[in-house]
Each structure stands twice: as C-alpha cells, then as structure tokens.
Amino acid sequence: MNASYLELKGIRKMFGDTPVLNNVDLSIREGELVTLLGPSGCGKSTLLRCIAGLTELDGGRIMLGKQDLANLPPRSREVGMVFQSYALFPNLTVTENIEYGLKMRGVPKKERLRRCEELLALVDLEDKRGTYPQHLSGGQQQRVALARSLAVQPKVLLLDEPLSALDAKIRKNLRTEIREIQKRLMMTTIFVTHDQEEALTLSDRICIMNKGHIVQDGTPEALYSTPRTEFVARFMGSYN
Ligand code: ADP
Ligand code: MG
C-alpha cells in the first residue's frame, strides 16, 4: 500500500464555546476505505464537512496528496460527498443529476454523456436515465447520488451515513455494491456510520470516534478483539 494520501492533523472545530472536533489526527492511504464509527453527535459529519470545505476549521491542517486544502473552495478540492438524505435535485432526471458537476465545470456535452453512461452502468441504473428522483426507490436514489459524486472523478469520496435511511435488505445489498465499486475504482473513501455491523463488514480500517476525537484506530479484527477502552468494546459489540 502507498504512503498516507489524505492526512488530517490536529483538526479543531468549535461551535460557539463547544469544541466539536478536538485535535483529530487521521491518515488514510490511497485506495483505502476507512470507517468513522461513533455515536450520534460525536462530530462525524462535521469532520467530513471540514474535509469537503463546507465547514471552516478552527485549527489543524488537511493535506490531500501534496496539496494543502486550506483556503481551497469546495469545488476545487476534488472531494465527493454523499449524504444520508440523497440530496438529489428533484427537478432533474437521473442523467441530469449525474452530469450536474461536469456541466458546472464546463465539460462538453458529448463527454458528459459518455461519463454518464459509464456511471449508469457502474451503479446499475441504465434503465432509469430519464427518470425523476421522486419515481425512484431510496436505494436507487442513493445510487444516483453515488454516481453524481463520482462523476467529477474525485480523489476522495466521503460517505455520510449513506445507508441509514434505507430498509435492512436494501441496505445490505447497497453496502456490498458500494464496497465493490470502491475497490474497482480504488477510491480513497471515508465511510461514516453509527452501525458497527456495517463498519465491521465494509472497512479496511475503523476509527472509533467519541466526543470530538478518535479514541481508537485499527483493523476491524483488531478493534473487535482488543478494544482499548470499555467504550470501544461496547461500540464494537465485543461484549455481546
Ligand atoms: P454526528 O455526525 O457524529 O452525529 P455532528 O458532526 O453532526 O455529529 O455534530 C457534532 C456536534 O456538533 C453535535 O453536538 C451537534 O449538535 C453540533 N453541531 C453540528 N453542526 C452545528 C452547527 N452548524 N452549529 C452548532 N452546532 C452544531
Ligand atoms: Mg452525522
């Protein structure tokens, strides 16, 4: 595996007087899928938003490859993000949603459509290209959201609880699909969840987060078998 590709050092974020991210360090290798696992409110979404440039840091540094992301606007960061709520444009078809970022970047129509076809095949939605989001199931909408975020060929993919709004069966299928796509593209990915089973089955590495920092970082096996604190043990289900 390569050396660290995405590197977070001493990330701090305050909301008012409350520290929400408290000295977060995190290194991710190229092509690795790292899961941030932690209870609601521990700062997972805030951390992703900082990486994407949607929230300003109060301290620390984010490096992507050789590039310091400080002061780079979201669109220049080459970071893709998928949200729990899909956040598709309701007035645009599947194809129009997927090509949106490319259009914004001035990519010519022919090239946009070529990319769209590739992505439709990747997420298995070739029969839905002209459909509007309201006529899609939750799982299909999330696949469109995934395709849309991949369209601009990001260097890092951030997935913020992408499966949480879905039914159990669809959730399991999409989980497997996401992992297959991630591996095929060798996409460096941060996957956020509060579901330990999801984390255990998906991840190259898991970071357990609590109260604004990472309390333990390791392979799924290591965290499960040798949790360093009771909090980690409880969260990994080691006591069940
Ligand atoms: P998680 O994704 O792990 O559930 P979040 O990152 O959404 O956690 O939130 C972490 C903490 O920061 C929570 O206490 C939340 O209420 C607070 N928070 C998040 N966004 C804001 C905001 N824009 N203004 C004030 N507080 C916020
Ligand atoms: Mg969240």
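Guide: Happy to, and one convention comes first: a crossing is left-handed if the near helix is turned anticlockwise from the far one by less than a right angle, and right-handed if clockwise. Keep in mind, too, that this is a predicted model.

Visitor: Then which hand does the crossing of α2 and α3 have?
Guide: Start with the geometry: helix α2 (residues 94-104) packs on α3 at about 130°, with the axes 9 Å apart. Angles of 65 to 115 degrees count as roughly perpendicular and those over 145 as roughly antiparallel, so α2 and α3 are oblique to each other. By the clockwise rule, the crossing of α2 and α3 is right-handed.

Visitor: Which residues of α3 meet α2?
Guide: On the α2 side, the contact uses Thr95, Ile98, Glu99, Leu102 and Lys103. By class, the contact of α2 with α3 has four nonpolar, one polar and four charged residues. The α3 residues that meet α2 are Arg112, Arg115, Cys116 and Leu119.

Visitor: How many charged residues are in the contact of α3 with α4?
Guide: The axes of α3 (residues 109-122) and α4 (residues 138-151) come within 10 Å and cross at roughly 140°, which makes α3 oblique to α4. From α3 come Arg115, Leu119, Leu120 and Leu122, and they meet Ala147, Leu150 and Ala151 of α4. Six residues of this contact are nonpolar and none is polar, and the number of charged ones is one.

Visitor: And α4 with α5: roughly parallel or roughly antiparallel?
Guide: The axes of α4 and α5 (residues 168-185) are 10 Å apart, and the packing angle is about 20°. Angles under 35 degrees count as roughly parallel, so α4 relative to α5 is roughly parallel.

Visitor: What residues of α5 make that contact with α4?
Guide: This crossing is right-handed. On the α4 side sit Gly138, Gly139, Gln142 and Leu146. The contact of α4 with α5 has four nonpolar, three polar and no charged residues. Its α5 members are Ile170, Leu174 and Ile178.

Visitor: Where in β2 is the bridge partner of glutamate 7?
Guide: β1 (residues 4-15) and β2 run antiparallel, joined by nine bridges. Leucine 8 stands opposite leucine 26 in β2. For glutamate 7, the partner in β2 is serine 27.

Visitor: What phi does glycine 16 have in the turn?
Guide: β1 and β2 form a hairpin, and two residues lie between the strands. Glycine 16 belongs to that turn, and its phi is positive, at about 65°.

Visitor: Which residue of β4 is the bridge partner of lysine 9?
Guide: β1 also pairs with β4 (residues 59-64), in the antiparallel sense and over five bridges. In β4, lysine 9 has as its partner arginine 61.

Visitor: In the sheet of six strands, what does the twist average from one strand to the next?
Guide: This open sheet has mixed pairing and the order β6-β7-β8-β3-β9-β10. Its edge strands, β6 (79-82) and β10 (213-218), each pair on one side only. From one strand to the next, the twist averages 20°.

Visitor: Which residue of β7 is the bridge partner of methionine 81?
Guide: β6 and β7 (residues 156-160) run parallel and are joined by four bridges. Methionine 81 has its partner in β7, and that is leucine 158.

Visitor: At what angle does α1 run to β7?
Guide: Helix α1 (residues 44-52) lies across β3 (33-37), β6, β7, β8 (188-193) and β9 (205-210). Its angle to β7 is about 150°.

Visitor: Last one: how far apart are the end C-alpha atoms over residues 6-236?
Guide: UniProt, in an unreviewed entry, places the feature "domain: ABC transporter" at residues 6-236. Over those residues the chain is 37% helix and 27% strand. The end C-alpha atoms lie apart by 25 Å.

Conventions. Residues are numbered from 1 along each chain as its sequence is written. Chains are lettered from A and ligands numbered from 1 in the order in which they are written. This is a predicted model: local features need pLDDT of at least 70, side-chain atom pairs count only at pLDDT 80 or more; totals for chains, interfaces and linings use all residues. UniProt positions are given in the numbering used here, feature names are shortened, and annotations may be inferred rather than shown by experiment. Two strands pair if DSSP finds at least two bridges between them. Axes are lines fitted to C-alpha atoms, for helices over the stretch in contact, and angles run from 0 to 180 degrees between N-to-C directions. Two residues are in contact if their C-beta atoms, placed from the backbone, lie within 7 Å. Ala, Val, Leu, Ile, Met, Phe, Trp, Tyr, Cys and Pro count as nonpolar, Asp, Glu, Lys and Arg as charged, and the others, Gly among them, as polar.
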